[in-house]
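Let's take a walk through this model together. Have the sequence and the 3D view open side by side, and follow along.

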Amino acid sequence: MLIRLGPLLILLAVSGVIALLTPVFLTADNIGNVLSQTAVIAVLAIGQLFVILTRGIDLSVGSTLALSSVVGAMTFSGVGTWWLPVLAMLGVGTLVGSINGVVYVFGRLPHPFIVTLATLSIASGAALGLSGGQPIQGMPKLVQQVGGSRWESLPFSAFLVAATAVIAALMLSRVVWGRWIYAVGGDPEAARRIGIPHRSVLVSVYMFSGLLAGVGALITSGQLDAGSPTFGNLAELDSIAAVVIGGASFLGGRGNVGNALVGALMIGVIRNGMNLLDVQSYEQLIVIGVVIVLAVESDVVRSRLERRLRVLSAAGP
Amino acid sequence: MALDSVDLEVRRGEVLAILGDNGAGKSTLIKCISGVHRLDAGHVEIDGLPIAMHSPAAARGHGIETVYQDLALFDNLDPAGNFYAGRELGTPSWLPLGMRWLRRSDMSAATSALLGRLQVGISDGRTPVGLMSGGQRQGVAVARSAAFATKVVILDEPTAALGLRESRQVLDLILRLRDDNHAIIVISHAMDHVMEIANRAVVMRRGRKVGEERPTRENRQRLVSLIVGGED
């Protein structure tokens with residue numbers, strides 16, 4: 001249980017330190033800022049978690065977000081309704097995700113790194129080409145509200161993240177599909193032999209990650225009232241970092257939504273705290289890097305402990 | 001590895017051992033029975049009726065469960081997760097299986113009941129099996145097969161990776177399955193274990209069945225010479 005709560009305890013400790021250093025940190029407005037700045041990373045991290053649970057990786061989420069936002073903005077300037085741009089953004093994300101999954105699984109590629117690296121490039125190129133390299137202004141009122149409006153100090157985007165997280169967590173822990181995701185990540189060969197539809201499971205996690213990149217596009221486009229090929233730049237790395245800081249294993253089969261959110265918040269809190277403390281942005285990059293290494297190292301120590309425990313219980317009475 | 005005119009039969013409440021040196025065709029034989037390999041010729045009958053067998057899932061559908069040497073356990077799931085992997089209990093039943101809500105407490109209850117009845121000692125049913133000892137893991141894998149096998153349980157070298165005490169537990173478990181009226185096929189190199197638990201032993205050599213004996217202390221020598229081919 002302590003092991004499971006580890007990332008949360010570290011987040012609370014880090015927040016405590018920052019709060020001691022700068023009193024502004026714990027004001028309602030600033031907490032709202034942290035949540036708003038973290039919303040996109042958090043949504044992408046949830047999708048990334050599903051992929052990493054199956055021993056995969058999705059490098060394309062950042063450029064998928066950019067392409068979704070561009071297509072959404074173009075749709076809005078064309079038709080002017082609110083629902084068609086929203087559908088377009090979610091649809092483009094899901095489409096790119098399906099391409100990732102189908103090419104990876106049915107192309108029998110050795111690792112999803114390759115196909116998602118390719119779609120990173122393709123989606124980014126498509127976003128630049130469609131937009132002419134320029135941001136496209138204008139988003140439906142609803143999208144602007146989702147991205148930018150607040151209830152008291154709490155940003156609407158935080159509620160969207162919370163709803164997404166609850167649904168994702170229920171799917172992982174309470175629905176058969178989620179159980180299959182853990183099984184495929186835990187032992188792909190056994191999953192195949194035992195009759196779990198491992199191909200569909202793999203395709204579905206990439207589709208889900210793409211869908212959530214579309215949700216990320218919704219939030220970013222709403223915040224800035226535009227679609228742009230530069231949105232989501234390097235967001236794939238943030239999302240991967242969040243999942244890893246949240247204690248998920250690259251070896252698959254271990255990790256949960258709550259801890260992925262904690263990982264995203266960790267990145268958001270550290271960035272926000274360093275901004276408040278006037279830390280230079282290049283120094284922030286270094287700190288985030290160190291945090292990633294520390295998080296993975298603690299993961300290594302944890303699996304050591306687990307193995308120790310196993311040996312002890314095997315030798316027991 | 002090819003098989004040639006192998007004929008064998010196993011009855012309920014009986015343990016049939018398959019003996020043979022490496023490369024004798026034991027593994028090929030059980031892969032044929034468990035649906036991994038297709039038969040070029042010949043057939044598998046259950047209760048006197050020939051059955052179609054084109055995949056491991058089809059074999060399981062006919063009530064034949066196999067415990068492979070590597071156990072095929074999910075280390076990150078608890079015993080119940082392993083028991084029901086790929087055949088989860090879910091609701092509502094009109095949805096496709098993948099979209100159903102897991103009936104987690106039903107699955108846990110059924111799993112601990114069976115593990116308890118088969119006396120597989122597991123203190124906490126929510127422990128991932130990756131954290132369990134070799135004997136407990138073997139116990140979970142064997143119990144999983146027993147839970148779903150309505151006809152035949154096949155065990156491939158069930159004690160090969162285990163120490164003395166854990167082997168004992170697994171042998172006892174196999175005997176309890178037999179007393180539960182399962183039909184059991186065991187592949188093993190361990191002569192002592194075969195003599196203790198098997199009602200009959202079939203000896204394979206170079207893809208052929210070269211003998212069938214009731215394994216007793218008296219004919220142990222004869223079984224060994226059949227295995228190594230000393231009578232030729």
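This is a predicted model: local features need pLDDT of at least 70, side-chain atom pairs count only at pLDDT 80 or more; totals for chains, interfaces and linings use all residues.

Residues are numbered from 1 along each chain as its sequence is written, while chains are lettered from A and ligands numbered from 1 in the order in which they are written.

Start with chain A, which has 13 helices and four strands. Here helices (H or I, at least four residues) and strands (E, at least two) are DSSP runs, numbered from the N terminus. Along the principal axes, the C-alpha atoms of chain A fill a box of roughly 70 × 55 × 35 Å. Its radius of gyration is 20 Å, which agrees with the value near 20 Å for a compact globule of 317 residues; the radius is taken over C-alpha atoms, and the globule rule is 2.2 Å times the number of residues to the power 0.38. Of the 317 residues in chain A, 51% are buried. A residue is called buried if 20 or more other C-beta atoms lie within 10 Å of its own, exposed if 12 or fewer, and partly exposed in between, with C-beta atoms placed from the backbone.

Now look inside. In soluble globular proteins, nonpolar side chains tend to be buried together. The largest nonpolar core here has 151 residues, and those with the most contacts inside it are A:Val43, A:Ala45, A:Leu49, A:Ile181, A:Ala260 and B:Ile184. Such a core is a set of buried Ala, Val, Leu, Ile, Met, Phe, Trp, Tyr and Cys residues joined through C-beta atoms within 7 Å. Zoom in on A:Ala260: leaving out residues up to four places away in sequence, its contacts include A:Ala45, A:Leu49 and A:Val243. Being in contact means that the C-beta atoms, placed from the backbone, lie within 7 Å.

How many residues of chain A are in contact with chain B? There are 22, and they meet 22 residues of chain B. On the chain A side, α8 (176-186), α9 (188-194) and α13 (281-315) each supply at least two residues. The largest share, seven residues, comes from α8(A).

Over in chain B, find the open sheet of six strands with the order β4-β7-β8-β1-β9-β10 and mixed pairing. Two strands pair if DSSP finds at least two bridges between them. The edge strands, each pairing on one side only, are β4 (64-67) and β10 (208-213) of chain B. Strands β7 (residues 152-156) and β8 (residues 183-187) of chain B run parallel over five bridges, and B:Leu155 stands opposite B:Val186 in β8(B).

Finally, some backbone details. The peptide bond from B:Thr91 to B:Pro92 is cis, with omega near -5 degrees; B:Pro92 sits in the loop between β5 (90-91) and β6 (101-102) of chain B. A:Leu234 has a positive phi, near 65 degrees, though it is a residue other than glycine. A:Leu234 lies in the loop between β4 (226-227) and α11 (235-245) of chain A, and is exposed, with 9 other C-beta atoms within 10 Å.

Conventions. Two residues are in contact if their C-beta atoms, placed from the backbone, lie within 7 Å.
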